Amino acid sequence: MSNSTHERLRRLTFAVLAVLILIPTTAFVYKVTVLDYRLANILPQTEYRVSLRMALDGGDGRVRVATYAPADDVRQTIRDESQSAPQVLHHTIEAEGLNRQAIWLGAPVPDDVELRYEFSAVLSAVDFAIASDLEVPESYPAAVREFLRPTDAIQVDAPEIRERLHAIAADRGPLAGRIRRIYDASEELGFRTFKGTTDALTALRLGEASCNGKSRLFVALARAAGIPARLVGGLVLESGSKRTSHQWVEAYVAGHWVPFDPTNHHYAGLPSHYLTLYRGDEALFRHTGEINFDYMFTTRERLVPSPEARASFSAFNVWDLFARLNLPAALLQTVLMLPIGALVVVLFRNVVGVPTFGTFLPALIAAAMGATGLRWGMVSILVVTGSVVAARLGLQRLQLLHSPTLAILLTVVVLSMLGTSMVADRFDLEELARVAHFPIAVMAIVAENLYLVLAEKGLRSGLKHFGGTLVVVLACYLVMNSMAMQVLVIGFPEVLLLVIAANIYLGRWVGVRLIELWRFRRLWRGEEARA
Amino acid sequence: MSNSTDIAPREPWWRRWQRARERLAPVFGMNRRNVELVYAHNDRRHYPLADDKILCKELLQKIGVPVAPTVAIGRGLFEVDSVLTTLRDRVGFVVKPASGSGGDGIVVIGERTKDGWRTAKGRDIPVHELRQHLANITFGTFSKGLEDRILIEERIIPHALYDAFWPNGVCDLRIIVLRGKPLLSMVRVPTRRSGGRANLHQGGIGVAVDLREGITYRALSQGQLVDTHPESGEPLLGRRLPGWDACVDVALGAASAVPLGYLGVDIAVDHRWGPVILEINARPGLEIQNICGRTLGEALAREGLS
């Protein structure tokens, strides 16, 4: 090729690159400045799936079990509520004051009955700043006044409460100072796990309490100081199972219910894993006696796109497009992330020099692994390729032609997937059971390629290619399943033009691959080894 | 071994880095080979010429580039029996799939036995087994295609020097040519370990040849520099290859015969016919840089091609 053709090719490449970079950059800037896209919305949120399992033994009489179901508020969004219970128990959710109560009611039930109540929650953190010059109001709206009154466990008028209030100077001065001192007084109580409830006075006298004792002392002192306050019950969510619920408080400040947690040291704010189940001095469970009641909360976390992203990414909204077409969101993610996955493969093949089976097979497999998760996805790949290679070795003796061989391998893939799903179902491995999402033909081709390399180039080469494929699958999985990456592509589909630009650049990139640095080490290190 | 770097003060890291980068610059990796040599000089539609031994051979013969004499060609299953008839009383021939790669499917026949032939490696092949092998070639078993043709050539009897390197098979001489200029060359010597094949990644030894003089100067076996054949002990370095100028001429002649600008020409030197073309390759490998201890970039610069 002559120099002028070379120069023309270079200029053409530059021009195409310039256009492919300019268009998405312009669209990006336009969306952020004019259409008010917020980059922060790209970051995903944690969605908690909470499952409450309640076990009980029946008796002769009717059974009633009640607990609190979480409600939407500024901090939390609840969706996908579901419950399961034996037919004889009638389930309702009723509004009860500020709260929603989930009730199961019905005829005598047999022993060892399980009730299950599940929901998903997306939570956000809050943080309030209380103005320092705010005074304690003289009067409150009627609905709020109730939260100034004493109760049996919150002894607002007890002399000891009043004395403590006076001692910490929380009975005078601006509101912010009073609340700070009340918070400090309840926070500094020693922590001790008590079974059952501790009233405010007991907590004060003992000088130590668990979360509900500290919270009741806070509420009692606040009410005594003329600040409406109430208990809040809920869960501190983290992956795993637990029985422990938590209590904290809310104080009514300048028209807002501001949360405080003197036990875990959160002042005028809460982190984003606090789930509110009910407000008021309530018991989490109420049930008929003699039923040997037990319960367990199990929480799982997963990342979901933030609802703000969906609402604000309005131009060429592929989200809504898929919703209108009745296509699943998972498909949208797969489709949009495939080009990104393919770019990852290109980087690994042409820049690093990792050998893989097929050009884009790793990206396709990684896309399917969205359903199974990383660990079980890898297990599935090993199981499926293992059984197919074994089958292929057996078929070799028959010396069949190519196409029928592939058709048999395809069938073996299907059979091994079915088998894996059945085993997974038997052992309750929900993610592994989703191995059926794997692209069957792709798996058959991977296994056939592995067999060919094994047969033609030996074990070493086969393992190198297979290992390389697994490494690239892993990298593709991490990139393609990054929720932030998905929301970025969904909100800004024009980044796919940047992907094309990157591929054009890499398509003309003549650098030495990382692996070739090692291969040609003698030529650039300037050292010699002699056998 | 001692040298002056032991005494000289250590260079700062950035200086060493810079030097390594300078030395790395002329190394051709896969990406650069494809973009700057293969795509730039070889039109894809001419690849079949290099991949199909029969097509290539006919082209070379037409303009008088020496090749091994053809014994028979089988264009499909229907010609297997007529090919066998031609071979009936023959000894010393080679069976090749026309589009095979990496030496797959090649059988070298030595002498006749009672009910068939004996291969060069000493294995007996009865007639029915050779028929099966020929049929498999036409099915494309060795060619990744749907079907293939059979090429049968007279067996090469290597020149004494090559025979000394490796007596049980054929050493091949590869010359890389870009637009009529030879860039690098090496001899590939089989070993027992490579199963008698000359392929480097299967354990063959690469012996670098100085293009001007035709004298070997460097040999690599399994990534290690060697002076002698590790199995036979035959010295590999400083050997003057027979008929060197003719070898280069044959390579350049073959290069000019095919419409490819960048290619690897594989030559065998027969003691009766002199150099003959074994095959040509439109995407020759890069290991020759390691064998020669020279980069393609340096070779291009020397020829004024960069």
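Which side chains meet in a salt bridge between chain B and chain A? Select Glu287(B) and Arg519(A): their side chains form one, at 3.0 Å from N to O. Here a salt bridge is a side-chain nitrogen of Lys or Arg within 4 Å of a carboxyl oxygen of Asp or Glu.

Before moving on, a word about what you see. This is a predicted model, where local features need pLDDT of at least 70 and side-chain atom pairs count only at pLDDT 80 or more, while totals for chains, interfaces and linings use all residues. Residues are numbered from 1 along each chain as its sequence is written, chains are lettered from A in the order in which they are written, and side-chain values use heavy atoms, without hydrogens and water.

Next, show the whole interface. In contact (heavy atoms within 4.5 Å) are 23 residues of chain A and 29 residues of chain B. About 2500 Å² is buried between the chains, 52% of it from carbon and sulfur atoms; buried area is the accessible area (1.4 Å probe) that two parts lose on being put together, summed over both. Now pick Val510(A), Leu523(A) and Trp524(A), which supply 25% of the area that chain A buries against chain B, more than any other three residues.

Finally, go to helix H8 of chain B, residues 244-257. Helices are DSSP runs (H or I, at least four residues), numbered from the N terminus. Colour Trp244(B), Cys247(B) and Val248(B), which are among the buried residues of H8(B); buried means under 20% relative accessible area (1.4 Å probe, protein chains only).

Conventions
Helix = DSSP H or I, 4+ residues; strand = E, 2+ residues; numbered from the N terminus. Expected span 1.5 Å × (residues − 1). Buried < 20%, exposed > 50% of the residue type's maximum accessible area, 1.4 Å probe, protein only.
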